[in-house]
Amino acid sequence: MTTLEELKAHREKSIEATAGGPPARTSNVFFGVGPITDLVQDEVDGRRTRIDFEHWLEANYRKLDDRGNDLGPFTISEIGRSMHRGYPADKILIDMMRAIHTYFGYPKKNCMAVGLGGGHSGFTVALMHLMNTHDPAQRTFIDTPRPESDAASGGGFFRQSWGAQAIELVRHAKGGDEDRLVFAEREGEIPSADRLEELCVKLFMGVGHETTGATCYTAEDISGLLEWIDRDPQNHHAVIDSTSLLGAMPWPKDIVTQLMEKCCTFMPFQKAIGGVSGYWVISLTPAARALLDANAQEPSWAIPRQLKLTVPENAGAPLSSNKTSALGPIYDADADKMLGGIINTYSALAFAETTYGVLRSARLVGSVDELNARSIANRSAIEEWIGKQDLLELGVQDVDRRGAAVTLLKVNDPDIGNAELHARIIARSKQLLQYEGLTHPDGTYEPGLDVARYVNAFPGTPGDYRAWIGGIRPTVDVIALLENLAYAYHRAKIVVLEEEMAKHGATVEQAAPKANGDARHDDPDRAYKVLIADLVGLRFGEDGEPDPSEVAAHIEACGGKFHRTDQSEAGALEPGTVHFFYQPHLSRAEEIIPVTEEGQYDALIAAATFMPAEARFAEGGVRIGAGTGNMACACWGGGDGAGGEAPLMNTPSFNSRATAHMTLKALLKVMPDLPVEELHARVIDGSFDTGKHLRDFPTEKLEGKKIAVIGFGNIGREVARLAKAFGMKVSVHARERHWDWIESEGFTYAESVQVAAAGADVISPHTGLGARNEAGAFANAGLIDDAVLGAMNHGAVVINYDRGEVIDAGALDRALESGQVRYAGIDADLFVDASDGGLSGPMVPYREIEARHRGKMELLPHAAADTEHVSRVEGAKQAVDQILGCIRHRRVVNLKGALPDGYSDGGAQTVNGVGRVTPQRLAGVAADAEAAKFLRALAEEMSAIWGALHATHDADRRAELLASYGADLVAASNRYTAMMDELGLQGPYAGN
C-alpha cells in the first residue's frame, strides 16, 4: 500500500513536470479514425474549407440546356437533396471513382466497386463474392487469430468480428467447411509464399494490421505475399484492408506499386478520406473480378441485393439469367465509366466531398508518394521524441512493424504500480486532453486543453493512447500531441493522487496561479511622483480657470493622489502611492529643466509643452495626443523613444475626430462655394428675390469632388471617412502596408503623393513630421511641394491641419499667386518670446504669405485639436492609466519606439472606432455572446442570400429571390455595418 508520504512525493514530481504550463496546442484536435485528407487547422479553417468546397462544387457541376449553354451551377443544397440518379449525380460518382483510382495509383486494368456501408461492409462484400464453398480446393487465410482463441482474446469483439464473419458464412452454408479457413497465430501475420502454398491457400484476407494495434506489414511480408500471387496469379488472390495503408505505406516504391497492382484492397472511404456518409470501395484485379463472376453463377450463399457486385443480364429474369459484374456498381478506369449503378440511394454530396478531399490532399501535400513519405517522417519523429524521455513508450515493440498511419502509446510510470490507479489516471488525462477538464478535490477546476479527441486505445491492445498520425498532418502537430499527452497524464495523476491522499485525511489546496501581466512590480515603501505639465481640462470652472477636476477624480479613483503644487512643496508623501503634480504653467526649457533634470519626478504627462533633453523621468512618459515630437527627453531617447531606459507612450486617437471635424469645417467654408454671408445680408435687407436672383449664384456640391488624403493614421482615416460621407472621391497615399486596408474601406490607394494629388480638388496632409535625418531635418518637411500642388485641379483647396512644415511654404505662395490654389487653411504652432515679443514656430512663414494673399487663407495657432475639452480629458485619463500601468505592472500601452528592458508591451489602445482594430477589442466582442451571436446571424443571412443570388443565373428566378429576400439582405447589411461601426470594428487591424 502506498503511504501518504509517497503519494505526496509522487504528486510533487508531477507538479514539477508541469511547472512550465501546457505545451503548444495541436492545430486539429481530432486524432481518431480519419479523416486522413480532410485535415483543417482550426474552426475557421474548417468553415472556410466547407465554403471552398461549395464554390468548387458549383464550379464543377453546371446546369446545361439542350444546346449546351451554361445556366448556372448546381448548388450544394440541390445536390444534397437526395440526388442520386442522372446528371449531375452520375458525373459526381464517376469523378469520385476516377479521383480515388488515379490519386492512389491503381493500374487501369484494375476496376473499382463501390457501395454503401463501412469497413465491415467492404470486408463482407469481398468475402462473400470471392469465397466459394463449392470449391474444395479453395482455402482462405485470414491474418488474425481464430475468434475465441487465447491469441484472439486480447483483441476484444472488434478484432474477432472479422474472423467470425468468415466462420459464420461457412458454418451455415451448404458445403461449408471450417477446416478450409486458416487463421494466423499472431495479429497481422503474413506467412511466407512457401508456407501459403503448403497450406493450399487460394484467398488471402488481410485485416489484422494497423488500425487497432498500430502495426503494419513489413516490406518482407508484402514481398512474400506478392511472390505467392505471382506463382499462380489467376488463382492466388489477396484482399487487404487499406483503410490505414492509403497514404501511409512505409515500403520501397516498387513494392507499393506492385501491391496496388496485384492485390485487391477495400476501405471505408468515410474514414479514409472523410465524408458525410459511409461507403466502401473495393479495388479488384482482373483475376479477382473473373472469380467473383464465376462464383456468381453458383453462389455459396444469398448476398443481399444492396451488397451485390453482379447483376442479372436480363432484368426480367432476375433469378434465372446469367449474373455479371459488367452491369454492377463498378468503375472501369480504362474506359472511364461506371459499368452499372449503385443499388441503394447514395449521397451524391458525400461522393463530391470525397473528390474534393482527394484533390485537396494533392494540393496541400502532393502526390500519394509524398503523402507516404510524410507519414514515414511522422513515424520517425515519434520514435525520436519517445527516445528522449521515459514516460511514454511505443506499444509496438517490433520497429519494422510500427505503423505510419496510427501510433499506439503506453505510459511507463514506476510511481504507479496499481492497475486501477493507472486506469483512473489515463481516463482523467483524456478528460483534460478533450474539453471536459479536471476538478481537484478542493474544487479547483482546470479547463480542458481541447487538443486531442478520440485517442482511446482498443481493449486488449498494449497501449493507453492511440492516434492517427498520417502524412496529411504536419510533424509539428504530432510532436504537440505527444507533449500534451505527457502533460495531461501528469496533471491527471496529480488529481488522482490528491483523491488518494484525501482517503488518508490529507487535504491539498492548489497553489496560486503564476503571476501574470497584472502582478505588481512597484515598491510599496516608495512614493512615486508624476509631473502633469499641461492642461488636462479645457472647460472653465467657477474660478474662471480650466478645470482639471475630472482627471483629478479619475486619479483618486485609481488609488493615486492629485496635487496642485510642485513636488518640492508637497511635504511628506504617502508611500506605496502614485502622486500626480499638476503644473500646467511650465512651458519653457528654462522653467522645466531646473525642476526635472535631477529626476525630481519619476514620470511625465504632457500635451503641447516641449520637454527638453535634459529633463529626466526614469519611469516613463506619456504625450496626450498622437505625435511625440515635443517629447525630446534623453531618458527615453527623444521623440522617437529609441534607446532610452524609460518607455515613451502616447494616447493616439482622442483628438483624431476633433482634428478631422475641424479639417472638414475649414473645407466647408469654401466648398461648396456658396457665399452664405452675402446671401444672409441680402435676406436681412430684403434685396434678394429667390425666383430672380438665385441663378446668379451657381455652386457645386462636394459630392463627386476628389480629395487627396496624405497619410492613413487615425486623423487621416477619419478625414477620409468624413469626406466619403459627403460623397467625395477619396484618394489616399500612405505606406504600402496600408494598401489593402485603404481599399477595404472603399478609398483609392495612391502609390505616391503626386499620384494622390493628380486631378484632386482638395488636399489634406496627415503624416506628421516623421523622423529626423542625419542633418536634423524632418522626413516629411516640404512633402507638399510645387509638383504636388501642380498636379491638382486648377483652383484647388489646401487644408493643412497637421504640421506646418509638411507644406513647402514657397510652393504654396506660388500656387496662390497663379490661382492653382484658391484657398488654404493652415493650423500650426506659433510662439511668442516673452522678453521681446518675437515670433517663432512653423506658422511664421504663412503669416508673410497671408499678407500677400488676403482673403485666400485662414491661419489658426494649432488649435484645431487642442481646444476640445472631452478629447483632452479622456486622453489625460488614459495617460494616467498608462503611467500607472508602467509603474505598477511594468506594462507599456501605446509604446513609441523601443521597449526598454524589464517592461512588457501591452499593445495599442485607442478610442472605440478610431485607429486600428486591436486583438483586444475583437476579443472583447467575441466574448460578448449576444453581440457575437447577432453578428454571426447577420453575416450568415447575407451569405445565404448572396450565395443564392450568385448561383442563380436565370434573371426571372433571380428577380423572384430579390422580391422575397431583397429587403432582408439590405436590412442585414445595414445592421451589420452599423453594429461593426458601433463596436469599433472598422478600419485597419493592429496585427498588420
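A: **Cysteines and their setting**

The sulfur of cysteine 886 lies 12 Å from the closest cysteine sulfur, that of cysteine 635, which is too far for a bond. This is a predicted model, in which local features need pLDDT of at least 70 and side-chain atom pairs count only at pLDDT 80 or more, while totals for chains, interfaces and linings use all residues. Residues are numbered from 1 along each chain as its sequence is written, and side-chain values use heavy atoms, with hydrogens and water left out.

A disulfide is a covalent bond between the sulfur atoms of two cysteines; here the term is applied to a pair of cysteine sulfur atoms within 2.5 Å. The structure holds zero disulfides. For cysteine 111, the closest cysteine sulfur is in cysteine 264, at 8.4 Å, again too far for a bond.

Cysteine 886 has a relative accessibility of 0% and therefore counts as buried, a term that means under 20% relative accessible area, with exposed over 50% and partly exposed in between (1.4 Å probe, protein chains only). Cysteine 111, at 5%, counts as buried too. Of the 992 residues of the protein, 51% are buried.

Glutamate 148 is exposed, with a relative accessible area of 76%, and has a phi near 70°, a positive value in a residue other than glycine. Its place is the loop between β4 (139–142) and α6 (150–153); helices (H or I, at least four residues) and strands (E, at least two) are DSSP runs numbered from the N terminus. Aspartate 336 is partly exposed at 32%, and its phi, near 50°, is likewise positive. Aspartate 336 lies in the loop between β12 (330–332) and β13 (337–338).

Along the principal axes, the C-alpha atoms fill a box of roughly 125 × 85 × 50 Å. Among contacts (heavy atoms within 4.5 Å) between residues at least 6 apart in sequence, 67% join residues at least 24 apart.
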